[in-house]
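Please open the structure in your viewer and keep the selection panel at hand. The tour moves from one selection to the next and says what is found at each stop.

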Amino acid sequence: MTEAERPSSSLSDGPLERDVSAAGPTTHATHSITIPPSVSMVALLGPRDELLRTMEGAFPQLDVHVRGNQLSLRGESADVALVERLVDEQLLIIEAGQPLNRDAVERSIGMLRSQTRERPADVLTMNIVSNRGRTIRPKTLNQKLYVDAIDEHTIVFGIGPAGTGKTYLAMAKAVAALQAKQVNRIILTRPAVEAGERLGFLPGTLNDKIDPYLRPLYDALHDMVDPESIARLMASGTIEVAPLAYMRGRSLNDAFIILDEAQNTSAEQMKMFLTRLGFGSKMVVTGDVTQVDLPGGTTSGLRQVRGILQDVDDVHFAELTSQDVVRHRLVGAIVDAYERSEAATERLRGHDVRPGRRTGTT
């Protein structure tokens, strides 16, 4: 889209034309948006107007009418202004060559409503690494802030529930750093802790025994590096995937190091890992403090470390929430439901609610 195709606008910096009618003394407004002819209305509104319906569902009090390349909006002034900004962001995403989908529209609305200074188009078009025609990029504001923190700090802790992209984005940044020759190797590690089950004796070599614990790291790696290259890079030591116990006694220079499932490290293991940091290296520690699988009585190193390192320079703690879940839509709802249940349990802890018993007794 050329500058000549960008109509001027008094309400937004984006490529829109608008006619504004007097709204009178009420809070309602009527605005008209003309979409540039270079933009396909199907790309903007989706097949069978799927994206238009998503927009209407998010703003039920707003009337949206489409005629040709003209969008007419009528409703509360705040809703009209927000939808104008939304359309502006959608046009910028299309201009960047990225197709729109329902998820992108919903996440853009969420970001605009949060009134962040980050533009949705900047978040959703940020490229980290590409492989076999697939580009890995953040999908939420917190994910972008997490990725930015990895660029800006030597040690970053990514803390949040399952499905928020903590490990996946860290792995993408590691591959990008290796490709850019910012580091000489990638080291991926996890504690070998069973997730509540007792797996018992596992047959085979040592690698066969530890492979189930490290498989999620391999899976993410295969999304970002050509499969035929992985074996060669691992044989040369350029990429190393190993249990956390293998890190003891080492000094890791010129490396991008990722500790996954860090909630299952003890306090001693966390200290051991962090002190492996060598010159020219970067560390990312990821975990979910609500899913600790350590034996009873063992303190999670991830839960403890914030209080210890919170004020240390060049160490950053990035928080992700259920709003950043990028798996199936139900995953976010499940995370929220468990958080509500756990909060209710905490409120009742120490209180006996049986009839005839005093509150607070045990």
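Begin with helices H10 and H11, where H10 passes H11 in a right-handed crossing, a term used when the near helix is turned clockwise from the far one by less than a right angle. This is a predicted model, in which local features need pLDDT of at least 70 and side-chain atom pairs pLDDT 80 or more, while totals for chains, interfaces and linings use all residues. Residues are numbered from 1 along each chain as its sequence is written, and side-chain values use heavy atoms, without hydrogens and water.

Select residues 267–274 for H10 and 301–309 for H11, which pack at about 60° with their axes 8 Å apart; axes are lines fitted to C-alpha atoms over the stretch in contact, and angles run from 0 to 180 degrees between N-to-C directions. Show the side chains next: Ala-267, Met-270 and Leu-274 in H10 meet Gly-301, Leu-302, Gln-304, Val-305 and Leu-309 in H11, where contact means heavy atoms within 4.5 Å.

Now turn to the open sheet of 6 strands, whose order is E9-E8-E10-E11-E7-E12 with parallel pairing; strands, DSSP runs of at least two residues, are numbered from the N terminus, as are helices, of at least four, and two strands pair if DSSP finds at least two bridges between them. Its edge strands are E9 (239–243) and E12 (315–319).

Finally, select E8 (residues 185–190), which pairs with E9 over 5 bridges in the parallel sense. Here Ile-186 stands opposite Ile-239, and Arg-190 opposite Pro-243.
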